[in-house]
Amino acid sequence: MIIRNVRILGGEPVDIRVADGVIAEIGPGLEGPETVDGGGAIALPGLVDLHTHLREPGREDAETVQTGTQSAARGGYTAVHAMANTSPVADTAGVVEQVWRLGREFAHCDVHPVGAVTVGLEGKQLAELGAMADSAARVRVFSDDGKCVDDAVLMRRALEYVKAFDGVIAQHAQEPRLTAGAQMNEGVISGRLGLTGWPAVAEEAIIARDCLLAAHVGSRLHVCHVSTAGSVEIIRWAKSKGWNVTCEVTPHHLLLTDDLVEESPVGAYNPIYKVNPPLRTRADVEALRAALADGTIDIVATDHAPHPVEDKETEWSAAAMGMVGLETALSVVQEAMVETGLLDWAGVAQRMSVVPARIGRLGGQGQPLEAGAPANITLYDPSARTEVDPSAFASKSRNTPYEGMTLPGRVVATFLRGRATVLEGKLV
Ligand SMILES: [Zn+2]
């Protein structure tokens with residue numbers, strides 16, 4: 001098969017020949033019996049998400065492995081890491097293998113289960129990290145995401161344990177006692193609205209502690225969804241020491257701010273903006289963008305968090321936290337980072353494919369588009385303008401904060417090892 005007229009990382013137009021799931025040849029004027037017209041789209045290595053909630057097993061009313069991976073493919077992803085806060089929790093070899101098998105069966109993209117750090121996400125006892133690492137799912141990323149591993153001794157043990165198989169602990173950094181009952185970012189607006197605040201220090205204190213712990217035991221730490229300017233400063237300091245610390249930012253924390261809770265196109269107190277960690281201030285957004293540009297923040301991860309309507313369309317205090325994100329991530333990154341001149345397409349490819357695959361230790365993903373590499377390819381038209389219509393999502397859930405907004409760009413096609421999962425913007 002020939003994928004004609006594409007611009008790799010935004011460069012000069014070329015054709016890509018794919019054979020047996022691998023890129024066989026790149027050059028101008030390639031000919032073959034079967035061709036796909038790229039129409040001058042940008043070609044990126046297939047996107048890799050380090051932070052997706054697929055909800056299966058347990059909350060198939062919100063999302064399944066099938067609908068979640070369809071959503072991922074439409075967003076240009078060829079691999080996702082499925083978070084462990086399912087029901088039952090993915091804290092044994094049996095559950096991670098179940099999710100891994102579902103991924104193989106409904107292969108709209110590769111599914112790599114994340115293992116829980118502690119039994120039942122309860123923060124009391126280490127889960128079977130070694131058994132999950134040795135299982136068919138070959139788990140390398142461990143996280144209690146949704147909850148913080150707040151016990152310093154347990155966190156130290158987890159960091160020590162995963163060194164044996166080159167694993168990483170992905171921490172949801174949030175000191176639980178400082179965030180008890182928290183509803184939104186602690187600041188001027190939470191004060192005015194009378195909602196319990198979520199102080200930046202609750203995130204920053206855990207990040208500082210965990211960087212020190214990771215350095216002390218010589219292990220790998222990954223910080224999930226960094227959301228404050230102070231967190232960025234701490235991670236910049238940890239990296240300057242040469243410590244093995246990586247971190248992610250979500251698309252929504254690169255674009256949206258906490259004043260939307262007070263005033264927005266969909267009214268005040270609209271739980272569509274309720275998310276953990278919360279939307280922060282404009283100054284935080286600016287710091288996060290600068291940090292993603294200069295490499296202090298390594299990657300963009302979606303924290304795709306599907307919820308059914310009844311869990312979101314309720315009063316603010318009762319509503320579930322989280323937003324869907326797979327199908328809008330690349331557009332939001334274009335809006336926040338590319339249109340602002342902070343990143344070029346090579347920089348986007350690093351942060352949304354190459355580096356997340358490296359952190360997750362995925363051999364067959366995140367490879368540069370060159371002869372010999374697996375044909376995991378995303379074609380993206382940055383000149384398109386799309387009004388976000390949640391009813392068109394492949395995700396089972398609709399809880400997007402971008403409904404009705406016009407965002408730049410459109411995923412034209414996604415190829416997983418040479419097989420189209422999306423063509424002309426539609427699932428194959
Ligand atoms: Zn989280």
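**Metal site, core and salt bridges of a predicted model**

Thr196 is partly exposed, with a relative accessible area of 42%. Here buried means under 20% relative accessible area, exposed over 50%, and partly exposed in between (1.4 Å probe, protein chains only). The model is a predicted one, in which local features need pLDDT of at least 70 and side-chain atom pairs count only at pLDDT 80 or more, while totals for chains, interfaces and linings use all residues. Residues are numbered from 1 along each chain as its sequence is written, and side-chain values use heavy atoms, with hydrogens and water left out.

Thr196 sits in the loop between α5 and β11 (197-198). Helices (H or I, at least four residues) and strands (E, at least two) are DSSP runs, numbered from the N terminus. Not counting residues up to four places away in sequence, Thr196 touches Ala180, Gly181, Ala182, Gln183 and Met184. Contact means heavy atoms within 4.5 Å. Gly181 is 15 residues from Thr196 along the chain, and their C-alpha atoms are separated by 6.6 Å.

The zinc ion has three named protein donors. These are Asp145 (OD), His172 (ND1) and His225 (NE2), lying 1.9 to 2.2 Å from the ion. Donors are N, O and S atoms within 2.8 Å of the metal (3.2 Å for Na, K and Ca); water is not among the atoms, so sites may look incomplete. Along the chain, the zinc donors follow the spacing D-x26-H-x52-H. His172 lies in the loop between β9 (168-171) and β10 (184-185), and His225 in the loop between β12 (221-223) and α7 (229-240), so the pair ties together parts that are 53 residues apart in sequence. His172 counts as buried, at 3% relative accessibility. His225 also counts as buried, at 2%.

Strands β9 and β12 belong to an open sheet of five strands. The order is β8-β9-β12-β13-β14, and the pairing is parallel. Two strands pair if DSSP finds at least two bridges between them. At the edges stand β8 (141-142) and β14 (299-300), each with a single partner strand, so one side of each is left without a neighbour in the sheet. Strand β13 (residues 245-249) runs parallel to β14 and is joined to β14 by two bridges. Val249 stands opposite Val300 in β14. Helix α6 (residues 200-217) lies across β9, β12 and β13 and runs at about 165° to β12. For such angles, axes are lines fitted to C-alpha atoms, for helices over the stretch in contact, and angles run from 0 to 180 degrees between N-to-C directions.

In soluble globular proteins, nonpolar side chains tend to be buried together. A nonpolar core is a set of buried Ala, Val, Leu, Ile, Met, Phe, Trp, Tyr and Cys residues joined through side-chain atoms within 4.5 Å. The largest nonpolar core holds 94 residues, of which Phe142, Val223, Val226, Ile297, Leu330 and Met352 touch the most other members. Helix α11 (residues 329-338) gives the largest share of this core, seven residues. Beyond its neighbours within four places in sequence, Ile297 is in contact with Val226, Val232, Cys247, Glu248, Val249, Leu288, Ala291 and Leu292. A second, separate core has 17 residues, including Ile16, Val18, Ile23 and Leu379.

Salt bridges number 16 in the whole structure. A salt bridge is a side-chain nitrogen of Lys or Arg within 4 Å of a carboxyl oxygen of Asp or Glu. Glu262 forms one with Arg192, the closest N and O atoms being 2.9 Å apart. This pair links distant parts of the chain, 70 residues apart: Glu262 is in the loop between α8 (251-255) and α9 (282-294), and Arg192 is in helix α5 (residues 188-193). Glu262 is partly exposed at 26%, whereas Arg192 counts as exposed at 54%. Salt bridges that share partners join Arg59, Asp61 and Asp311 into one network. Within it, the closest N and O atoms of Arg59 and Asp61 are 2.9 Å apart. Arg59 is partly exposed at 35% relative accessibility, and Asp61 is partly exposed at 38%.

Helix α2 (residues 93-105) holds both Arg101 and Glu97, four residues apart, about one turn of the helix. Their salt bridge has its closest N and O atoms 3.5 Å apart. Arg101 is partly exposed at 46% relative accessibility. Leu102, also in helix α2, is buried at 13%. Leaving aside neighbours within four places in sequence, Leu102 is in contact with Glu56 and Val65.
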